[in-house]
Amino acid sequence: MKEILLMGFYQPHEALSRFLVAAQQEFKIPIRYLQEYAALGTGGGIYHFRDQILSGGAEAFFVLNADVCSEFPLQEMLDFRQQHGDAHSFVILGTTANRTQALNYGCIVANADTQEVQHYVEKPSTFVSEVINCGIYLFTPAIFQHIGEVFQRNQQELALEENSNGWQRAEVIRLEQDVFTALAGSGKLYVYKTDGFWSQIKSAGSAIYASRLYLNQYSQTHPERLAQNKPGGPIIRGNVYIHPTASIDSTAVLGPNVSIGEGVTVGAGVRVRESIVLHGASLHDHTCVLNTIVGWDSTIGRWARVEGTPSDPNPNDPYAKIDSETLFRDGRLTPSITILGCSVTIPAEVVILNSIVLPHKELSRSYKNQIIL
């Protein structure tokens, strides 16, 4: 791996720049952010920046959607491509979903022997296949020829439209609908099916489920990263990550599925479960934090209870995926995990339930099922 390019149409800001510098220092690899002039779609973005992608003479490159978590079996995808297809073929990472939820994803029909993609439909209205697109791809430079054909076709169609000033819209290209659908059955597109974990992250709430998947992966591959029960240390239940700089009282009870960030302070008798506590946060004595993301530098007062409602997939279905809940249903906030933005202050002895608190808020009372602006 020679280089990492992040693409989006969001304005770069100080926090992103800090992240890029820190990541480059940690992983010793060049990382750049490329800003699109408009939202160009999943294919339009990489086509727009094709010169930057190919500038290092890349033989092949991965494209990963940023809203998924996975084991990312990249080496396995490379090995698979060498065994299947030719030097110019492309690989989609696929996984199995249940029949009902498969309709929410791109569905792949493949040859059982060769794994060549024969049919691809994005979010079909009726059942097509239980194998779904994970949003992780292995391409060669040849992909730009296929995206370019879509771009040319878009331009021609726009030229035929009267009163069209949509020259920019020709660059809006969707890999899934515009490219994969056409490539299916051509002998150029293959699917590598993974049995490892995969989930989309469409909401802040799904980050807690993603954290559980990663912590479970650590327990199998990097158990040294997880906290252990030790004399004089906090009580650990299940998989828990604690940053070395965090200060945790020995009477605190953490877990399962808890991640404690840099410089966090956890007081006496605190209970944390199914939560992410980000850097610099402070949980005062005897607080209870359940199904919650606590933002940077936030403070929760003594004896306060901060709780959310999990939105996990069906635990009895091995192929169930997390549903992307809408924020509101029937005019009301859908019960979900509680999120405290950065620098939020929660007073002592209050209850915050199923609520979203925007940054830099200082609360004075209890809240339930509310967005606090």
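This is a predicted model: local features need pLDDT of at least 70, side-chain atom pairs count only at pLDDT 80 or more; totals for chains, interfaces and linings use all residues.
**Entry 1**

I traced seven strands in the order β12-β15-β18-β21-β26-β29-β31, with parallel pairing. I then checked the ends. β12 and β31 (371-372) stand at the edges, and each has a single partner strand, so one side of each has no neighbour in the sheet.

I looked up how β29 meets β31. β29 covers residues 356-357, and the two strands pair in the parallel sense over two bridges. I356 sits opposite I371 of β31. For my own reference: strands of a sheet pair through backbone hydrogen bonds, either parallel or antiparallel.

**Entry 1: helix α7**

Next I checked the length of α7. The helix has 16 residues, which at 1.5 Å a residue should span 22 Å. I find its end C-alpha atoms 23 Å apart, which agrees.

Which residues of α7 are buried? I list S206, I208, Y209, A210, S211, L213, L215 and Q217. I then asked what they pack against. The partners are β4 (68-70), β10, β12 (240-242), β15 (258-260), β18 (275-277) and β21 (292-294). Of these, β12, β15, β18 and β21 belong to the open sheet of Entry 1.

I picked two residues in the loop between α7 and β11 (235-236). E224 lies in this loop.

Is E224 buried or exposed? It is exposed, because its relative accessible area is 59% and the cut-off for exposed is over 50%. I also took a distance to H88.

P234 reads otherwise: at 15% relative accessibility, P234 counts as buried, since buried means under 20%. I looked for its contacts, leaving aside neighbours within four places in sequence. P234 touches N229, I242, I248, D249, S250 and A252. P234 and S250 are 16 residues apart along the chain, with C-alpha atoms separated by 4.1 Å.

**Entry 2: the second largest pocket**

I moved on to empty space. Rolling a probe the size of a water molecule over the atoms shows where empty space is left. The second largest pocket has a volume of about 390 Å³. I count 21 residues in its lining, and the closest to its centre are Y209, P318, Y319, A320 and K321. The elements giving two or more residues to this lining are β5 (90-96), β10 (198-200) and α7 (206-221). Which of them gives the most? That is α7, with three residues. By class I have 10 nonpolar, seven polar and four charged residues in the lining of this pocket.

**Entry 3: the cavities**

How many cavities of 30 Å³ or more does the structure hold? It holds two. The largest cavity has about 50 Å³ of space. Its lining is G205, I208, Y209, R212, E274, N291, P310, S311, D312 and I337. I sorted these by class and got four nonpolar, three polar and three charged residues. Y209 comes up again: it lines this cavity, and it is among the residues closest to the centre of the second largest pocket.

**Entry 4: strand β5**

I went back to β5, one of the elements lining the pocket. Six of its seven residues are buried, so the strand is largely enclosed by the rest of the structure. I checked its pairing. β5 runs parallel to β9 (residues 189-193), joined by five bridges. β5 and β8 pair in the antiparallel sense, also over five bridges. V91 shows both pairings: its bridge partner in β9 is Y190, and in β8 it is L138.

**Entry 5: T140 and helix α5**

I followed β8 onward. T140 is in the loop between β8 and α5. T140 is buried, with a relative accessible area of 2%. Setting aside neighbours within four places in sequence, I find T140 in contact with E59, A60, F61, R81, A87, H88, S89 and F90.

I ended with α5, residues 143-160. Its 18 residues should span 26 Å at 1.5 Å a residue, and its end C-alpha atoms are 27 Å apart, which agrees. I noted its buried residues as I143, F144, H146, I147, G148, V150, F151, N154 and L158. They pack against α2 (41-48), α3 (50-54), β3 (61-64), β5, β8 (131-139) and α6 (175-183).

Conventions
Residues are numbered from 1 along each chain as its sequence is written. Side-chain values use heavy atoms; hydrogens and water are left out. On a 1 Å grid over the protein atoms alone, a cavity is a set of points where a 1.4 Å probe fits but cannot get out, and a pocket is an open set with protein on both sides within 12 Å along at least five of seven lines; lining residues have an atom within 4 Å of a point. Grid points are joined across faces, edges and corners, and a volume is the space filled by probe spheres set on the points. Helices (H or I, at least four residues) and strands (E, at least two) are DSSP runs, numbered from the N terminus. Ala, Val, Leu, Ile, Met, Phe, Trp, Tyr, Cys and Pro count as nonpolar, Asp, Glu, Lys and Arg as charged, and the others, Gly among them, as polar. The expected span of a helix is 1.5 Å times one less than its number of residues. Buried means under 20% relative accessible area, exposed over 50%, partly exposed in between (1.4 Å probe, protein chains only). Contact means heavy atoms within 4.5 Å. Two strands pair if DSSP finds at least two bridges between them.
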